Amino acid sequence: MNLRVGLTGGIGSGKSTVAARLVELGAELIDTDAIARSLTLPGGAAIEPIRATFGADFIDASGALDRARMREAAFADVDARRRLEAILHPRIGLDVERRVAASTAPLTLLDIPLLVESGRWRSRVDRVWVVDCSEEAQRARVMARSGWAEDAVRSVIAQQATRAARRAAADAVIHNEGIGLDALHREVDALWQHTLAPGG
């Protein structure tokens with residue numbers, strides 16, 4: 001059995017921590033953000049299309065995407081974000097399919113931050129698991145981790161799917177608020193065991 005599970009959650013939800021635990025348990029992780037980053041490094045497959053679409057100002061001195069400049073443009077302009085997605089998403093999708101086909105793990109974990117928002121990933125996975133916490137917890141974690149201002153975190157959260165929308169799309173919800181790492185691991189372990197059990 002090679003079960004495809006899409007893992008998602010809002011910024012600061014603890015998705016990376018959950019993914020790391022699932023890898024420890026035997027899942028193979030395919031991180032769509034990491035694929036996107038590789039596409040926008042010097043010599044990456046998306047660099048020339050980005051240069052042609054947005055101009056040389058969006059490529060830094062090393063030949064990589066100027067991520068800060070693009071982030072600012074994409075958040076400010078919906079059309080810019082759509083043009084960037086039109087470049088990245090097909091390439092990410094092809095890479096994901098290649099990696100899934102090569103996976104020999106019992107469970108292939110697709111880490112997809114915008115799974116609910118995109119609408120196109122649901123048909124590519126067998127299950128959707130959502131890491132869930134309150135917006136207050138999200139803000140506190142991101143501000144502590146990244147040093148972002150609260151307004152910047154609020155802006156990102158506002159552009160992501162609502163907590164209710166993510167929960168509605170979930171086959172399983174992993175609760176990550178007010179609990180320690182050990183308790184989170186026990187929750188993830190139980191979900192893993194239930195999913196891979198016969199009939200799970």
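Is Asp-95 buried or exposed? With a relative accessible area of 13%, Asp-95 is buried; the term buried stands for under 20% relative accessible area, exposed for over 50%, and partly exposed for values in between (1.4 Å probe, protein chains only). The model is predicted, so local features need pLDDT of at least 70 and side-chain atom pairs count only at pLDDT 80 or more, while totals for chains, interfaces and linings use all residues. Residues are numbered from 1 along each chain as its sequence is written, and side-chain values use heavy atoms, with hydrogens and water left out.

**Salt bridges**

Across the whole structure, 14 salt bridges are found. A salt bridge here is a side-chain nitrogen of Lys or Arg within 4 Å of a carboxyl oxygen of Asp or Glu. Three of them are listed below.

| Pair | N to O distance |
|---|---|
| Arg-99 and Asp-95 | 2.9 Å |
| Arg-167 and Asp-132 | 2.7 Å |
| Glu-150 and Arg-139 | 3.4 Å |

Arg-99 and Asp-95 both belong to helix 5 and are four residues apart, which means about one helical turn separates them. Helices (H or I, at least four residues) and strands (E, at least two) are DSSP runs, numbered from the N terminus. Arg-99 is partly exposed, at 31% relative accessibility.

The bridge between Arg-167 and Asp-132 ties together parts that are 35 residues apart in sequence, because Arg-167 lies in helix 9 (residues 163-169) and Asp-132 in strand 4. Arg-167 is partly exposed at 36%, whereas Asp-132 is buried at 4% relative accessibility.

Glu-150, in helix 8 (residues 150-159), and Arg-139, in helix 7 (residues 135-146), connect parts eleven residues apart in sequence. Glu-150 is partly exposed at 32%, and Arg-139 is buried at 12%. Salt bridges with shared partners also join Arg-21, Glu-24 and Asp-189 into one network.

**Nonpolar cores**

A nonpolar core is a set of buried Ala, Val, Leu, Ile, Met, Phe, Trp, Tyr and Cys residues joined through side-chain atoms within 4.5 Å. The largest one has 28 residues, and those with the most contacts inside it include Ile-50, Phe-54 and Val-96. Among the elements that give two or more residues to this core are helix 3 (47-54), helix 4 (67-76) and strand 4 (127-132). Its largest share, seven residues, comes from helix 5. Another core, of 17 residues, lies apart from it and includes Val-5, Trp-129, Ala-172 and Ile-174.
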